[in-house]
Amino acid sequence: MGLIQYLSVFVFSLTIILGLIVLSHSPKNKLNIVFSILSFCFSLWMFCNILIDISIHDHDLIFWGKLSIIGPIIMQPLFIYFFSNFPVRNEKNYKTEKVILFASIITAAIEASLSYTAFNIRGVSMVNGMAEYQVGNLYIIFFSHVLINLIFTIYIILKKIKLLSKEERKLLFFILIGIVISIISGASTALLLIFLNIHGLSVIGPLVSVSIMLLTAYAIIRDKIFNIRLVATEILILIILSILSLGMLFSRNNAEFILIFFIFFLIVVFGYFLIRTTILEVKRKKQIQELADQLKIANQELTKLHELKDDFFQLAAHEINTPMASILGYLSMILDEKIVTIDEKAENYLKQVYSSSKRLANVVTNFLDIIKIEAGKIKLDLEKIHVCGIIKEVVDEYEEKAKEKNNYLIFDKKCSSGNEAIEISVDKNKLKEVFVNIIDNAIKFTRNGFIKITCQKKENKLFITIEDSGDGICEDDLSHIFDKFYQAQDADGHKNNGTGLGLYIAKSIIEMHDGSITAESTIGKGTKFTIMLKKDI
Amino acid sequence: MESKNKTILLVDDDSTIANLYKERLEIENYNIILAENGSEAVDKISEIKPDLVLLDIMMPKIGGLDVLDFIRSHEDLRKIPVIVFTALSSEGSKIDGLIKGADDYVIKTKITPKEVVEKIKKLLS
């Protein structure tokens, strides 16, 4: 066998594999199926040419000669269908395209039915060991068909150019180049064959025609998934199969041929599944990437929401605090400074209003602090002060309230005797909040008892205890009292009304000062909170 | 004759607060001028040259800190004492305020009018 025959076999294998590869990419996709059939038709044409080359007897030559036109005939309507749907369908023009397709199918059917007659090939003669065909008028019909199809294809493509994206136009461009090259080469060799009877070159046409196949295949595949690993796998299999086909060519006997053919078959099957698995894997990776991108977007949205939330709360804080300041301000002027004179009853009522307003202000502060704590945005405004001073302030404020429940509120200062005066860097307002929360709680849960606060210095640390003789906290609750929103039950088994935030905030604030807060309690006897603050933070 | 007829410019976009402090400070015999927003404040400061400015930070358009900038950047206004007050308890604002040259910082909900009066007296003496 000569070089041209080897090349023919190679091209033949190539087109089969190409068809299989494209099919394996998306077996259900109509375009891929059509392309694969196109590829197989082409293979059929190649196959017939190969057999023409090795046939000796006239009737074999005529048989394969007649059969060789079937492939190209089937390809004509398939081309129309393919370009009608690739890369996208032009809905506006689709009716016209369907008509063209139908016409092409009818023509192809007629041509196919005539292909077994003498209309196709009248006869053959051997000249110098090469077959010379006398062709019939079918070839003229066929070539007209091809030409008309070409014009229609260009028409279909031009009609849809406007609809395509830049990427899609590039793909189409690739294919058009391929078509042009292969038409020129195919037509010229066919013309040479028919009119000049030079057909030794008959395989050059198909060889070059493979370029259209390759480019289109590339376009299709690239459209779906372009992945180095995948392409490498496919090339590897391609090479293996090519070598195997050469092996078949060079096989010295039938047994060897069958063996190699068997291996070839196995590799085709194996290759098909391998490629499918690789494609699935690539698809998975793409999915994961998409999910990651979605996650990124979701995160960005969340951050935006966080910021919106912060803005909202800042605004809400301002809107709540402003009238609050006004209420507290006027009440302070009336009740603390006694700038106006009011009768006793009015004063009593207003005192209730005042204490409720202060409580409200506390709740708002608690809420705002929680938000800042959660956002990790709380900053301590540190100044070196006497902690006992803050405690005294709170004790004074809560004296009335303690008396109402017949409690003694005692502050046992052990921390400012002489040079034991302790000044630590603390956030005054935040620390006050802590004491308010704990003392308020203590008074709430105690009646007819006492609330005792002590303040002691030990080494470089300050220990503050707040002890009450109240209801106490049961063991189950004790480990949870510093949890957010946790509310212990009171003596009657009712859940306390309150936000459940006070101790959580207190703990957060103390820990921000690098201190600690603990609680001990016996139910029925009372509770003792111990706060430790370091002198140096 | 000193602290009796001093002029204080009170800048706040909320009229309730403004009136509250106007009431309180007039009891101390201060002359109170009100400004509702940043640009009004800037105009009045240039015009009247008050002895002290009580400045709210959160105001629409030209905010308190911009007014503070204005005061501190003008030679003839630079020495006027400014107390910044706000409804927010944001520490960040405090530091901003103090950095920009406020003499004191007050949180509306955590202070009584009496304490404000004391701060003012201290700055004007």
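**Entry 1: the interface of chain B and chain A**

I began with R24(B), which forms a salt bridge with E337(A); the closest N and O atoms of the two are 2.3 Å apart. I note at once that this is a predicted model. I then asked how many salt bridges the rule finds across the interface of chain B and chain A. The search across this interface returned one salt bridge. I also looked up polar contacts, and the rule finds three residue pairs across the interface of chain B and chain A, with both residues at pLDDT 80 or more.

Next I asked which helices of chain B supply residues to the side that touches chain A. I recorded helix 1 (15-27), helix 4 (91-99) and helix 5 (113-124) of chain B, each of which supplies at least two residues. Helix 1 of chain B gives the largest share of that side, seven residues. Sorted by class, the side of chain B that touches chain A has eight charged, eight nonpolar and six polar residues.

I then turned to the extent of the contact. Chain A contributes 24 residues and chain B contributes 22 residues. The area buried between the two chains is about 2,100 Å², and carbon and sulfur atoms give 63% of that area.

**Entry 2: a salt bridge within chain B**

I looked up K22(B) and found that it forms a salt bridge with E26(B), the closest N and O atoms being 3.3 Å apart. Both K22(B) and E26(B) lie in helix 1 of chain B, and they are four residues apart, about one turn of the helix. For all chains taken together, I recorded a count of 21 salt bridges by this rule.

**Entry 3: two packed helices of chain A**

I examined how helix 4 (residues 70-85) and helix 5 (residues 94-114) of chain A pack, and noted an angle of about 175 degrees with the axes 9 Å apart. Angles over 145 degrees count as roughly antiparallel, and helix 4 and helix 5 of chain A are therefore roughly antiparallel to each other. From helix 4 of chain A, the residues making the contact include I70(A), I73(A), P77(A) and Y81(A).

**Entry 4: positive phi in chain A**

I reminded myself that most residues other than glycine have a negative phi. K338(A) is not a glycine, yet it has a positive phi of about 50 degrees. I located K338(A) in the loop between helix 10 (254-336) and helix 11 (344-374) of chain A. N406(A), also not a glycine, has a positive phi of about 60 degrees. I placed N406(A) in the loop between helix 12 (387-404) and strand 4 (408-413) of chain A.

Key
Residues are numbered from 1 along each chain as its sequence is written. Chains are lettered from A and ligands numbered from 1 in the order in which they are written. This is a predicted model: local features need pLDDT of at least 70, side-chain atom pairs count only at pLDDT 80 or more; totals for chains, interfaces and linings use all residues. Side-chain values use heavy atoms; hydrogens and water are left out. Axes are lines fitted to C-alpha atoms, for helices over the stretch in contact, and angles run from 0 to 180 degrees between N-to-C directions. Angles under 35 degrees count as roughly parallel, over 145 as roughly antiparallel, 65 to 115 as roughly perpendicular and the rest as oblique. Contact means heavy atoms within 4.5 Å. Buried area is the accessible area (1.4 Å probe) that two parts lose on being put together, summed over both. A salt bridge is a side-chain nitrogen of Lys or Arg within 4 Å of a carboxyl oxygen of Asp or Glu. A polar contact is a pair of N or O atoms within 3.5 Å; within protein, one must be able to donate a hydrogen and the other to accept it, and residues adjacent in sequence count only if both atoms are side-chain atoms. Ala, Val, Leu, Ile, Met, Phe, Trp, Tyr, Cys and Pro count as nonpolar, Asp, Glu, Lys and Arg as charged, and the others, Gly among them, as polar.
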